[in-house]
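The structure comes first, followed by the points grouped by topic.

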Amino acid sequence: MRLEIRQYGDPVLRAKGKPVGEVSERIRTLAEDMIETMHAANGVGLAAQQVGQAILLTVIDVRQAEDRPSTLKINGRAMDLEAAMPMILLNPEATPGGEIVSGTEGCLSFPEISAEIDRSESVRVRARSLEGETLDIEATGLLARALLHEIDHLNGILFIDRMNSSVKASLAGRLKRLQKETEAHHYNTRRAPADQRAL
Ligand code: ZN
């Protein structure tokens, strides 16, 4: 099932995720729905906050971006990206490494906005799989960037927080508009049922 993607201005995007304990049927279904939602929106990653859940769960799939290569090792073994994607990660913790590199990023919660963001070129991530295995992930390229972007989301951090101040200033008008639209959308969709009941 496709889920509604929450946009900038929705307070859940600023919520820190709670760790996932036992993997329930609800978590499995949520992960599947998040993959479907990410693919439908042509995204390379989606964090639980972006579908309204403040928990440490993210999904990633960088296969589409063939022009922006990635490498991946899991538990020390080089992995074929085709076989490893989509990834579902629970409770991921990132240790960034290597040089700081600039790269273009967008975000499904910020439609039509993209910017150059500085991030580490590689990352090591410890996470749990849906099956309960511990994963030691080493990634470079777009996958490293996607992991860092999504793990930021899980901690309530957005890519605008990492934009340099002149870029952020140039986007200020659009960000304010988006925030207002989101607030209006909330007012309409979340207040309407109560108003109807009042009738
Ligand atoms: Zn994002």
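**Pockets and salt bridges**

Sorted by class, the second largest pocket is lined by nine nonpolar, one polar and two charged residues (Ala, Val, Leu, Ile, Met, Phe, Trp, Tyr, Cys and Pro count as nonpolar, Asp, Glu, Lys and Arg as charged, and the others, Gly among them, as polar). The model is predicted: local features need pLDDT of at least 70 and side-chain atom pairs count only at pLDDT 80 or more, while totals for chains, interfaces and linings use all residues. Residues are numbered from 1 along each chain as its sequence is written, and side-chain values use heavy atoms, with hydrogens and water left out.

**Second largest pocket**

- The volume of this pocket is about 240 Å³, a volume being the space filled by probe spheres set on grid points that are joined across faces, edges and corners.
- A pocket is an open set of points on a 1 Å grid over the protein atoms alone, where a 1.4 Å probe fits, with protein on both sides within 12 Å along at least five of seven lines; lining residues have an atom within 4 Å of a point.
- Among the residues that line the second largest pocket are Ile 74, Met 79, Pro 86, Ser 129 and Glu 131.
- Strand β5 provides the largest share of this lining, three residues; strands (E, at least two residues) and helices (H or I, at least four) are DSSP runs numbered from the N terminus.

**Largest pocket**

- The largest pocket holds about 370 Å³ of space.
- It is lined by 20 residues, and the closest to its centre are Gly 43, Val 44, Glu 105, Gly 106 and Cys 107.
- Helix α3 gives the most to this lining, with five residues.
- The lining comprises seven nonpolar, nine polar and four charged residues.

**Salt bridges**

- The count comes to nine salt bridges, each being a side-chain nitrogen of Lys or Arg within 4 Å of a carboxyl oxygen of Asp or Glu.
- Glu 105 forms a salt bridge with Arg 119 (2.7 Å, N to O), linking strand β5 to strand β6 across 14 residues.
- Glu 105 also meets Arg 145 in a salt bridge (2.8 Å, N to O); Arg 145 lies in helix α3 and Glu 105 in strand β5, so the pair ties together parts 40 residues apart in sequence.
- Both Arg 145 and Glu 105 are buried (under 20% relative accessible area; exposed is over 50%, partly exposed in between, with a 1.4 Å probe and protein chains only).
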